[in-house]
Amino acid sequence: MKISNIFLGTTSTKSVLYDHQGHVIASANVGYPLYHDTVTTAEEDPQEIWQAVQATIHQVSAGIATDEIEGVAFSSAMHSLILLDANKQPLTRVITWADNRAAADAATLKAQPLGQQLYEMTGTPIHPMSPLVKLHWFANQQPDLLNQARYVVGIKEYIIYLMTGQLQMDYSMANATGLFNLYNFDWEPAALDYAQVTRAQLPPLVDTDAVINGLTPTAAGELGLRLATKVIMGASDGALSNLGVGADEPGVAAITIGTSGAVRVMTKQPYLDPEGRLFCYYVAPHHWIVGGPINNGGQVFRWVRDELFVTESQVARDHQQDPYDQLTALAATVPVGAHGLLFHPYLSGERAPLWNADARGSLLGVTTTTTKADIARAVLEGIVMNLNTVLQLTTAAEPVHAIRATGGFARSSLWRQILTDVLGQPITIPSSFESSCLAAAVIGLKALGHIDDLNAIHAMIGDTETYEPNAANHQMYHQHQVVFDHVTAQLAPLYHEIATLNR
Ligand code: ADP
């Protein structure tokens, strides 16, 4: 028997079919647009996602008898919102985490004591990404639409409804709505008041290993699966990311540098940051993740490639080389610390650690001897130093004794070494990048009784490689980090003024 995951990502859905030992049998990925009708909106079409789910399931199950697929286990991007009418038809598109319409609502709430109070009850930082704040925006800007909404859900709940006819939400997805009290595992009345929704509009809550037995006949036909297929609720991609890289013990941190980035540490109990800078999300009994999402990961290096190194990138392409490799080779010619250049990478504003949409990038310490190679290196180092500040915040939740890292940055040996040297700790990098897909499948295998403990995932993760820090480089980076943090603190109050210059 086999199990498939279904991962509902921001721009694509991915399904991977596994056997009970976690071996990949087949995988499929189907994309869809993220609609930016205005500069602040970022929406998906729920029907396009449902079609992507069907397509990926058809692809992974091609050539396999349908009764071989015992169940499907879900994971999903966090913070999405869909309003449904009384017939459970969508009244809105999927409003994603990247939608910024509620920025002013978030800023106002954050400035009030209620903001920190709600954060401390829900674990979701006060930010326009949060459904709590999006609903408040709807209540003020489109009250008629919110009044018509009989149900308030996210994309995972909607897709599971289409498959099974049942509307339920798992604790980890609920935990990322900003409406869920993480101490009593129930909707938080103070948050519902602020968001102007009622408990009756929200789905019943279940654990991440809850199982719905069977599909509707229509969905079974559309998916090409048998009626008795089991649907395992699963969790959010963020909650599953640590499990997926084997960072499931307290004090093991998982760092991602992909397009964006994140730092997450597993803890046994909730931890809330006194300044509301870290999220705290439920994964499974006695498993929580505490950490921060970072806007400015690899996309900043992509900007450098496309804006500052146009000629070099073209030369690389002409020679059938990856321009990133060309840039990192150039950066490697420069010593640690990039001749005193300090780069603050806040090109897209920043979530953790600043939570300031007005934050802007800066390059400090430029002289007439500064080269483009220095800039390339300073950028790689700056992205990592910002991440290090978030890692330091998480150590208040749990002392970090081991670090696992994933994401596109790991293709560069230089960037791997910079991360290791800045953090001054050995870093283990798994060779498989499908971490949250595997983690959802493992929750499914446990829910269906095929494994006893989630830690069975360790045997399934496959090869890993560990990189050791260079003590002299770490010492040097430590000095840079002190100045980097000092500059961050000095610039923070100025970002609003700087941003206002370009409005
Ligand atoms: P996503 O988060 O969208 O899944 P990835 O994890 O693939 O994306 O990360 C993409 C980022 O990885 C790019 O923006 C780039 O900064 C970085 N990257 C990709 N390839 C390389 C490389 N060869 N050298 C250095 N960085 C790279």
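Asp 37, Glu 43, Arg 93, Asp 99 and Arg 101 are joined in a network of salt bridges, where a salt bridge is a side-chain nitrogen of Lys or Arg within 4 Å of a carboxyl oxygen of Asp or Glu. The model is predicted, with local features needing pLDDT of at least 70 and side-chain atom pairs counting only at pLDDT 80 or more, while totals for chains, interfaces and linings use all residues. Residues are numbered from 1 along each chain as its sequence is written, and side-chain values use heavy atoms, with hydrogens and water left out.

Asp 99 is buried, at a relative accessible area of 2%; here buried means under 20% relative accessible area, exposed over 50%, and partly exposed in between (1.4 Å probe, protein chains only). In general, side chains of opposite charge can pair when their charged atoms come close. The count of salt bridges comes to twelve. One of them joins Glu 68 to Lys 2, with 2.6 Å between the closest N and O atoms. Glu 68 lies in the loop between helix 1 and strand 5 and Lys 2 lies in strand 1, so this pair ties together parts that are 66 residues apart in sequence. Helices (H or I, at least four residues) and strands (E, at least two) are DSSP runs, numbered from the N terminus. Glu 68 is partly exposed at 27% relative accessibility, whereas Lys 2 is buried at 15%. Another salt bridge is formed by Lys 156 and Asp 170, whose closest N and O atoms are 2.7 Å apart. This pair links distant parts of the chain, with Lys 156 in helix 6 (residues 155-164) and Asp 170 in strand 9 (residues 169-170), 14 residues apart. Both Lys 156 and Asp 170 are buried.

Turning to the sheets, six strands form an open sheet of mixed pairing, in the order 3-2-1-5-14-13; two strands pair if DSSP finds at least two bridges between them. Strand 3 (24-31) and strand 13 (211-213) stand at the edges with a single partner strand each, so one side of each has no neighbour in the sheet. From one strand to the next, the twist averages 20°. Strand 2 (residues 12-18) pairs with strand 3 in the antiparallel sense over seven bridges, and Leu 17 stands opposite Ala 26 in strand 3. Helix 1 (residues 46-61) packs on this sheet, touching strand 1 (2-8), strand 2, strand 3 and strand 5 (69-76), and its direction makes about 155° with that of strand 3. Contact means heavy atoms within 4.5 Å, and axes are lines fitted to C-alpha atoms, for helices over the stretch in contact, with angles running from 0 to 180 degrees between N-to-C directions. Helix 16 (residues 435-447) lies across strand 1, strand 2, strand 5, strand 13 and strand 14 (230-236), at about 135° to strand 1.

A further open sheet, also mixed in pairing, holds seven strands in the order 17-18-16-15-21-22-23. Its edges are strand 17 (279-284) and strand 23 (464-467), each with a single partner strand, so one side of each is left without a neighbour in the sheet. Neighbouring strands of this sheet are turned by 25° against each other on average, direction ignored. Strand 15 (residues 252-257) and strand 21 (residues 402-406) pair in the parallel sense over five bridges, with Ile 255 opposite Ala 405 of strand 21. Helix 10 (residues 237-244) packs on the sheet and touches strand 15, strand 16 (261-267), strand 17 and strand 18 (287-294), its direction making about 70° with that of strand 16.

Most residues other than glycine have a negative phi, and most peptide bonds are trans. A cis peptide bond, with omega about 0°, joins Ala 352 and Pro 353, and Pro 353 is in the loop between strand 19 (342-344) and strand 20 (362-364). Gln 196, although not a glycine, has a positive phi of about 60°; Gln 196 sits in the loop between helix 8 (189-195) and strand 12 (205-206) and is partly exposed at 47% relative accessible area. His 286, again not a glycine, has a positive phi of about 65°. The loop between strand 17 and strand 18 holds His 286, which counts as exposed at 59% relative accessibility.
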